Amino acid sequence: MGPAPPPKKRLGQHFLVDQNIVRKIVAVAALRPDEAVLEIGPGRGILTRALCEQAGRVFAIEVDRSLGAMLAEALAGCTNVEIHLGDALEYPYESLASGTVVVANLPYNVSTPLLFRLLNAHHRIDRMVLMLQTEVARRLVAGPGTKDYGILSVLTQYRAVPSLAFHVSAGCFRPKPAVSSTVVLLPMRGEPVVSVVDEPLFIRTVRASFAHRRKTLANSLRDEGFPSDRILPALQAAGIEPARRAESLVIAQFAALANELARGRGVER
């Protein structure tokens, strides 16, 4: 095999090099021989090969075209893998096979938008096993009243049941990242944890509520464009004090608020 292309800082590349971590990730994924796996950012293929040994099919998306030849060589003999050279942020995840398992060391510079894209394709995904920056991983599992609780917490827990699997030291990567890493398991819910009458409005309500964390819910919603004459009646109908802040609400309260806003008039998209 020829020399590997150097890591590209602009792509946030930190290649996993520890086989023990690879084994632990595959164990958490608990793959069956009939399952299809999506990997984002296969890099130099160390995890990809292990996935090919456990799953029925592996589809890997790699944005760095200079890694294409190296991946083909590293995965020689793996007849159940397909490499797609392209941007994972632009891939149509709604085209995934039903029941796909996502296993990935997500590029940390785009991990949050990628996670939202994957959550939007919840109906095609059974579960996800993701390596993330520890700071982001903590947000996924955070509860109300904590500093880590926010948009990512609510919208992830709305669609999945996230849990922290294990931490990964910086020495398991080349080059070593300046941040710590954590593997997270996210089984997707069959149905959302709460019922909402207008899902886009629910998502907009959550985002608007957290947009100004130091402001009250009423002020934050107003500043994000919700009609002033609808905010207080909706909060009152949902049983939420207008002076509360977003981090104090449980997911069911966000749903109740969004449902009341949806029943009102003049809420523009």
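Two strands count as paired if DSSP finds at least two bridges between them. The legends below apply this to a predicted model.

**View 1. Strand S9 and its pairing with S6.** Strand S9 spans residues 181-187. Strand S6, residues 125-133, pairs with S9 in the antiparallel sense. The pairing of S6 and S9 runs over 7 bridges. Within it, Met 131 has Val 183 of S9 as its bridge partner.

**View 2. Strand S9 and its pairing with S7.** Strand S7 covers residues 163-168. S7 and S9 run antiparallel and are joined by 5 bridges. Val 168 stands opposite Ser 181 of S9.

**View 3. Burial of strand S9.** S9 is mostly covered. Of its 7 residues, 5 are buried, where buried means under 20% relative accessible area. In a regular strand, side chains alternate between the two faces of the sheet.

**View 4. Packing of helices H5 and H6.** Helix H5 comprises residues 134-141, and helix H6 comprises residues 151-159. Their axes lie 7 Å apart, at an angle of about 60°. Angles of 65 to 115 degrees would count as roughly perpendicular and those under 35 as roughly parallel; H5 and H6 are therefore oblique to each other. The crossing of H5 and H6 is right-handed.

**View 5. Residues at the contact of H5 with H6.** H5 contributes Val 136, Arg 139, Leu 140 and Val 141. H6 contributes Leu 152, Ser 153, Thr 156 and Gln 157. By class, the contact holds 4 nonpolar, 3 polar and 1 charged residues.

Methods. Residues numbered from 1 in each chain as written. Predicted model: local features only at pLDDT ≥ 70, side-chain atom pairs only at ≥ 80, totals over all residues. Heavy atoms only, no water. Buried < 20%, exposed > 50% of the residue type's maximum accessible area, 1.4 Å probe, protein only. Helix = DSSP H or I, 4+ residues; strand = E, 2+ residues; numbered from the N terminus. Axes fitted to C-alpha atoms, helices over the stretch in contact; angles between N-to-C directions. Parallel < 35°, antiparallel > 145°, perpendicular 65-115°, else oblique. Left-handed = near helix turned anticlockwise from the far one by under 90°. Contact = heavy atoms within 4.5 Å. Nonpolar A, V, L, I, M, F, W, Y, C, P; charged D, E, K, R; others polar.
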